Amino acid sequence: MKYTILTLLLLSGFAAIAQTTDTILVKDVSTNLGKEVVLKCQVIDFDSRSNLLYLYIGNRFPNHLLTIIVKKQVDGKHLKIDKDIILGRKMAYFTGKLISYNESPDTTALTDQAMLKREVERPQAVVIEYNGQEGTMKRTYEPRQGPIDLRGRIVMIIDNKKQVGTKKYPVIMNAN
């Protein structure tokens, strides 16, 4: 009997935790402001500054729908995210609270611009879903020099590796 009650309490606790985070679509971020959510998405654009990594979701900066701000150092621990997720080569789950950003613009220096440019511009193998043909894709990258001003924008702050889903999904190119 004692174990049955303990099991029921544990299960109800897990159910309560599961109910606090909803999985949403990128297009629904503005209607979920203030909520803890799970978002499966692909990074479209990014900026890397001294202690913050900005992942732009839904479109390129400044026309993006959401910015995921990743704190690179938290309590002396280095938070590292797979570069294929950062560069938009893989999709991932992100968990956090959606808030309206009201801090000052970030004016810190970019992190190793030459390395970022090399990595982004490296040709990438792709398979076109429409006809199954293989090929390579290359994009250009020019790091933003000016301040990153997100005041009034929707952001999700990541300061724990557990907020980035461990499952990664390949990006499938559609040629319609």
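Biologist: In this predicted model, does R89 count as buried or exposed, and at what relative accessibility?

Modeller: R89 is found in the loop between α2 (83-86) and β8 (90-100). Buried means under 20% relative accessible area. R89 falls under that cut-off, so R89 counts as buried, at 15%.

Biologist: Which residue's backbone oxygen does the side chain of R89 reach?

Modeller: A polar contact is a pair of N or O atoms within 3.5 Å. The side chain of R89 reaches a backbone oxygen at 3.0 Å. That oxygen belongs to E119.

Biologist: Where is Y141, and which residues does Y141 touch?

Modeller: Y141 sits in the loop between β10 (134-137) and β11 (154-158). Y141 counts as buried, at 5% relative accessibility. Leaving out residues up to four places away in sequence, Y141 touches F46, L116, K117, V120 and E121.

Biologist: How many aromatic pairs does the structure hold, and why is the pair of F46 and Y141 stacked?

Modeller: The structure holds two aromatic pairs. The rings of F46 and Y141 have their centres 5.3 Å apart. Planes under 30 degrees apart count as stacked. The planes of F46 and Y141 are at 5°, so this pair is stacked.

Biologist: How many residues apart in sequence are the parts that F46 and Y141 tie together?

Modeller: F46 lies in strand β3 (residues 43-48), and Y141 in the loop between β10 and β11. So the pair ties together parts whose separation in sequence is 95 residues.

Biologist: What kind of pair do Y56 and F61 form?

Modeller: Both Y56 and F61 are buried. Their ring centres are 5.0 Å apart. Their planes are at 40°, so the pair is tilted.

How values were computed
Residues are numbered from 1 along each chain as its sequence is written. This is a predicted model: local features need pLDDT of at least 70, side-chain atom pairs count only at pLDDT 80 or more; totals for chains, interfaces and linings use all residues. Side-chain values use heavy atoms; hydrogens and water are left out. Helices (H or I, at least four residues) and strands (E, at least two) are DSSP runs, numbered from the N terminus. Buried means under 20% relative accessible area, exposed over 50%, partly exposed in between (1.4 Å probe, protein chains only). A polar contact is a pair of N or O atoms within 3.5 Å; within protein, one must be able to donate a hydrogen and the other to accept it, and residues adjacent in sequence count only if both atoms are side-chain atoms. Contact means heavy atoms within 4.5 Å. Rings of Phe, Tyr and Trp (its six-membered ring) pair if their centres lie within 6.5 Å; planes under 30 degrees apart count as stacked, over 60 as edge-to-face and the rest as tilted.
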